[in-house]
Amino acid sequence: MDEQTGAEVTEPRFEHGHFLLIAGLGGQFTQQTITGIPALWEKFNPHIGNVPGQKGEVTYGVCCNFDGKGGFDYIAGVEISKLDDLPDQYRWVEVQPQYYAVFEHKGPLESLPQTFRYIFDTWLPKSGKEAVDAPEFERYSEDFNPKLNTGKLEIWVPIKG
């Protein structure tokens, strides 16, 4: 547990991620508007299982297209196999193979911002690792249930290998 943030964070594991094609509902956010992300998930939840080409039940929250001023795109989505029949209502992003520090978030979703702050403000500067400009994502296991706080939530942060 990190005293400064109140977030319970374990040491990360390091993994080579594979290519992912993620589609879902998206929006632009800043640190001031990230409180709108749960509403995006509420809108996306009925789509899970109905996105054309969906692979599996794992869901992803992908942060991408960082503007350098604190703004970024966020997509609440699922992995898909192809873009061919994807309706226009969906946004999509390609996540290229990358080296990641993978953190497990423990605790309620409300404390997720503290976990991110710990990773970027405390762990990253102390680790000697360097973040790279690539999508970072939350990976929610098939059995993830935010109301019951069950299942596994991981944060995948792209770093130099």
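Colleague: Where does His 47 lie?
Modeller: In this predicted model, His 47 sits in the loop that runs between α1 (37-44) and β4 (54-64).

Colleague: Does one read His 47 as buried or exposed, and why?
Modeller: Buried means under 20% relative accessible area. His 47 has 18% relative accessibility, so His 47 counts as buried.

Colleague: Which residues is His 47 in contact with, leaving aside neighbours within four places in sequence?
Modeller: Those contacts are Leu 25, Gln 54, Gln 89 and Tyr 90.

Colleague: How many residues has the largest nonpolar core, and which have the most contacts inside it?
Modeller: That core has 33 residues, and Phe 44, Val 51, Tyr 74 and Phe 103 have the most contacts inside it. Two or more residues each come from β3 (20-29), α1, β5 (72-80), β7 (98-106), α2 (112-127) and β9 (153-158). With 6 residues, α2 gives the most.

Colleague: What is Phe 103 in contact with, beyond four places in sequence?
Modeller: Its contacts there include Val 9, Pro 12, Ile 119, Trp 123 and Leu 153. Another core, of 13 residues, lies apart from the largest one, and Val 58, Ile 75, Tyr 100 and Val 102 are among its members.

Terms used. Residues numbered from 1 in each chain as written. Predicted model: local features only at pLDDT ≥ 70, side-chain atom pairs only at ≥ 80, totals over all residues. Heavy atoms only, no water. Helix = DSSP H or I, 4+ residues; strand = E, 2+ residues; numbered from the N terminus. Buried < 20%, exposed > 50% of the residue type's maximum accessible area, 1.4 Å probe, protein only. Contact = heavy atoms within 4.5 Å. Core = buried A, V, L, I, M, F, W, Y, C linked by side-chain atoms within 4.5 Å.
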